[in-house]
Amino acid sequence: MASLSAQTILCIALVLTTSLIMDVNATLEGGPREFDYFALALQWPGTICHRTRHCCSCCRSKNSPTEFTIHGLWPDYNDGTWPSCCARARFDVKEISPLMDALEKYWPSLYCSRSSTCFSGKGIFWAHEWEKHGTCSSPVIQDEYTFFLTALNVYFKYNVTKILNEAGYVPSNSERYPLGGVVSAIEDSFRATPEVICSKHDVEEIRLCFYKDFKPRNCLASKTSCPKYVSFPTYVALEHDESDAAIELISGEEAL
């Protein structure tokens, strides 16, 4: 094999040096590249609570949620990946104390175990969402309070439960609805295509996607885990049986 020319060696060295400089700059500038869009993930409590078999206090309560609740507000990339744990900004519950009533109602944890966090060990669900996702919302969102307030405001502005109920898609343990109709009802109101995620035939999550200025945009998913007909199951809270040793736990790590 012929030896490389001096000019070729110089070009390779220049490329490697440039790449190294770019990597160093990225580290100095704060890690992952800036995200491309937001996804507001909404979860259907009836499906989650059935999976946890009434072990969570939220599901056991007589006032268990009967509408979509917030799973998270996630900065995502257009290639289907996402940044996480972008800054060592530990969750401080005092920062969101003015929002506590709204968060407990519209952003409760439906999971049984304590959630993992990036910097604080095991913690509450809000700590997981802020440290893993909220810290990656810069430069659009800079602090914990604004992150949670923004998620609540977007949730209220695009009330998916109301949209679906007005279209005739109401909670039921016997009725199934055409997936296409569910998507179309949201598209007609939201003016963009959502992502729908199912557990078998039960709707588990609906995600709404936004540009960085929070104008609606289509979600990226080209496939769905849902069948052609889906349901929105209701959940009737039961008395907690302490002797029930067969309770199925969903670990906080499974929550994105």
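1. Leu 164 touches Phe 68, Tyr 169, Val 182, Ala 185, Ile 186, Ile 206 and Phe 232, residues up to four places away in sequence being left out of the list. Contact here means heavy atoms within 4.5 Å. The model is a predicted one, in which local features need pLDDT of at least 70 and side-chain atom pairs count only at pLDDT 80 or more, while totals for chains, interfaces and linings use all residues. Residues are numbered from 1 along each chain as its sequence is written, and side-chain values use heavy atoms, with hydrogens and water left out.

2. Leu 164 also belongs to the largest nonpolar core, which has 52 residues. Phe 68, Trp 107, Phe 148, Leu 164, Ile 206, Phe 210 and Phe 232 are the members that touch the most others. Such a core is a set of buried Ala, Val, Leu, Ile, Met, Phe, Trp, Tyr and Cys residues joined through side-chain atoms within 4.5 Å. Buried means under 20% relative accessible area, exposed means over 50%, and partly exposed lies in between (1.4 Å probe, protein chains only).

3. Helix α5 covers residues 125-132 and helix α6 covers residues 144-157. Helices (H or I, at least four residues) and strands (E, at least two) are DSSP runs, numbered from the N terminus. The two helices pack at an angle of about 105°, with their axes 11 Å apart. Axes are lines fitted to C-alpha atoms, for helices over the stretch in contact, and angles run from 0 to 180 degrees between N-to-C directions. α5 and α6 are therefore roughly perpendicular to each other; angles of 65 to 115 degrees count as such, those under 35 as roughly parallel, those over 145 as roughly antiparallel and the rest as oblique.

4. Which residues form the contact of α5 with α6? Trp 126, Glu 129 and Trp 130 in α5 meet Glu 144, Phe 147 and Phe 148 in α6. These residues divide into four nonpolar, no polar and two charged. In this division, Ala, Val, Leu, Ile, Met, Phe, Trp, Tyr, Cys and Pro count as nonpolar, Asp, Glu, Lys and Arg as charged, and the others, Gly among them, as polar.

5. α5 is mostly covered, eight of its eight residues being buried. The buried residues of α5 include His 128, Glu 131 and Lys 132. Its buried residues pack against β1 (37-43), β2, α4, β3, β4 and α6.

6. The structure holds four disulfides, a disulfide being a pair of cysteine sulfur atoms within 2.5 Å. Three of them are described in this note.

7. Cys 85 and Cys 118 are joined by a disulfide with an S to S distance of 1.9 Å. The torsion about their S-S bond is about -65°, so this disulfide is left-handed. Cys 85 lies in the loop between β2 (69-76) and α4 (100-106), and Cys 118 in the loop between β3 (115-116) and β4 (122-123), so the pair ties together parts that are 33 residues apart in sequence. Cys 85 is partly exposed at 33% relative accessible area, and Cys 118 is partly exposed at 26%.

8. In the disulfide of Cys 86 and Cys 136, the sulfur atoms are 2.0 Å apart. Its torsion is about 95°, so the link is right-handed. Cys 86 is in the loop between β2 and α4 and Cys 136 in the loop between α5 and α6, 50 residues apart. Is each cysteine buried or partly exposed? Cys 86 counts as partly exposed at 21% relative accessibility, whereas Cys 136 is buried, with a relative accessible area of 5%.

9. Cys 198 and Cys 226 form a disulfide with an S to S distance of 2.0 Å. The link is right-handed, with 95° about the S-S bond. Cys 198 lies in strand β6 (residues 195-199) and Cys 226 in the loop between β8 (216-217) and β9 (229-230), so the pair ties together parts that are 28 residues apart in sequence. Both Cys 198 and Cys 226 are buried.

10. Some backbone values deserve a check. Most residues other than glycine have a negative phi, and most peptide bonds are trans. A cis peptide bond joins Ser 138 and Pro 139, with omega about 10°; Pro 139 lies in the loop between α5 and α6. Phi of Cys 85 is positive, near 55°. Arg 191 likewise has a positive phi, of about 65°; Arg 191 is in the loop between α8 (179-190) and β6 and counts as exposed at 69% relative accessibility.
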